[in-house]
Amino acid sequence: MSTSTEPVPAAVAAPGDRPRATARGGRRAGRRASARRTHRPLSPWLFLAPGLLITLAFNLYPFFATVWKSFTDARTLTTGEFVGLDNFTALLQDDQFWVALRNSALYVVVVVPCMVFLPLLLALLVQKHIPGIAFFRSAYYTPVVASVVVVALMWVWMLDDRGLVNGVLQMLGIDPVPFLSNPWLLLLSAMALTVWKGLGYYMIIYLAALANVPRELHEAAEVDGAGPIRRFVSITMPGVRSTMVLVGALSSVAAFKVFSEVYMIAGPTGGPGGEDTTLVMLIQRVGTGLQGRTGYASAMSIVLFVLTLLLMLFVLRADRKDKD
């Protein structure tokens with residue numbers, strides 16, 4: 001009896017070949033995926049590296065260098081020696097420092113309420129959809145994009161003793177007003193310039209906030225007989241309260257750090273007798289030049305930083321207390 005052996009097809013004869021190949025391919029793909037997972041955490045840091053380096057070089061390093069210099073008697077061309085709290089002790093006895101601190105505090109007290117409420121009223125005026133309102137929105141925003149130097153020079157020409165404002169007053173039979181020679185009027189003129197230049201910026205912020213206040217509330221209040229003032233106090237202000245806190249915080253920091261407006265109107269000396277010098281102007285005056293006292297200027301910078309931080313914390317705490 002003879003038996004014949006038939007050839008077995010390749011697909012049937014080696015049924016384990018494909019699973020083994022698939023298994024080997026799966027292991028290789030798993031190793032590649034594992035390698036990618038191993039190196040993936042480094043990828044975000046590569047994207048963040050440029051920003052982090054810029055922050056370290058131009059923010060953190062100057063800050064810590066200023067803190068260190070505030071405890072030394074460093075000058076522009078010398079590193080100085082460690083003197084402890086001598087610079088801060090000298091600040092308490094420096095009349096110019098107290099004058100600058102007074103002017104900066106007055107700037108905050110006068111400018112911040114104006115920056116909080118006037119742009120809100122301006123935003124309510126330009127919020128209405130009427131023909132030609134886009135022109136007024138652009139006109140109100142124009143001072144924001146204009147150079148502060150150009151704007152300040154325009155104000156100096158207008159407020160000069162022979163300027164436009166005093167010329168109009170003389171035509172009306174009124175004596176010229178010493179806007180640029182009286183220390184208090186000069187400081188108020190700088191404040192008015194700051195408010196005028198910042199109105200358009202904060203107006204845009206309020207316009208975005210007013211768009212989120214439901215009009216149904218105004219319509220319901222109007223049906224109930226509420227007038228414009230009542231609707232403003234009861235609906236508009238609560239609806240944009242968080243934005244008012246934001247504007248108050250931003251304008252407070254800007255008012256404490258004011259420099260260009262006062263410098264351009266009062267000059268590098270800070271007005272007659274230096275009575276209109278602000279903290280930033282005093283820091284610039286003391287810390288620049290070949291014999292600049294950079295250590296003493298750094299101490300004033302630290303004081304300015306602490307005061308600004310305390311002001312921000314006060315605004316945020318007042319807002320939180322109001323919410324509670």
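1. A residue counts as buried when its relative accessible area is under 20%. Please keep that cut-off in mind for the next point, and bear in mind throughout that this is a predicted model.

2. Let's begin with Thr277. Is this residue buried or exposed? Its relative accessibility is 3%, so Thr277 counts as buried. You will find Thr277 in the loop between helix 13 (260-266) and helix 14 (279-287).

3. What does the side chain of Thr277 pair with? A polar atom of this side chain lies 3.1 Å from the backbone oxygen of Gly274. The side chain of Thr277 also makes a polar contact, at 2.9 Å, with the side chain of Arg285.

4. With neighbours within four places in sequence left aside, Thr277 is in contact with Val99, Ala100 and Asn103, with Thr269 and Gly270, and with Leu282 and Arg285.

5. Now to the helix pairs. Two packed helices are described by the angle between their axes and by the distance between those axes. For helix 5 (residues 95-126) and helix 9 (residues 183-210), the angle is about 40° and the axes are 6 Å apart. That angle makes helix 5 oblique to helix 9, since angles under 35 degrees are needed to count as roughly parallel. The crossing of these two helices is right-handed. Sorted by class, the residues in the contact of helix 5 with helix 9 are 25 nonpolar, 3 polar and 1 charged.

6. The second pair to look at is helix 10 (residues 215-223) with helix 11 (residues 228-239). Here the packing angle is about 150° and the axes lie 10 Å apart. Helix 10 is therefore roughly antiparallel to helix 11, as angles over 145 degrees count that way. The crossing of helix 10 and helix 11 is right-handed.

7. Which residues meet where helix 10 packs on helix 11? From helix 10 come Leu217, His218, Ala221 and Glu222, and these meet Arg231, Ile235 and Thr236 of helix 11. By class, this contact has 3 nonpolar, 2 polar and 2 charged residues.

8. A last stop for your viewer is Leu246, which sits in helix 12 (residues 241-256). With a relative accessible area of 42%, Leu246 is partly exposed. Between Leu246 and Tyr202 there are 44 residues of sequence separation, and their C-alpha atoms are 9.9 Å apart in space.

Conventions:
Residues are numbered from 1 along each chain as its sequence is written. This is a predicted model: local features need pLDDT of at least 70, side-chain atom pairs count only at pLDDT 80 or more; totals for chains, interfaces and linings use all residues. Side-chain values use heavy atoms; hydrogens and water are left out. Axes are lines fitted to C-alpha atoms, for helices over the stretch in contact, and angles run from 0 to 180 degrees between N-to-C directions. Helices (H or I, at least four residues) and strands (E, at least two) are DSSP runs, numbered from the N terminus. Angles under 35 degrees count as roughly parallel, over 145 as roughly antiparallel, 65 to 115 as roughly perpendicular and the rest as oblique. A crossing is left-handed if the near helix is turned anticlockwise from the far one by less than a right angle, and right-handed if clockwise. Ala, Val, Leu, Ile, Met, Phe, Trp, Tyr, Cys and Pro count as nonpolar, Asp, Glu, Lys and Arg as charged, and the others, Gly among them, as polar. Buried means under 20% relative accessible area, exposed over 50%, partly exposed in between (1.4 Å probe, protein chains only). A polar contact is a pair of N or O atoms within 3.5 Å; within protein, one must be able to donate a hydrogen and the other to accept it, and residues adjacent in sequence count only if both atoms are side-chain atoms. Contact means heavy atoms within 4.5 Å.
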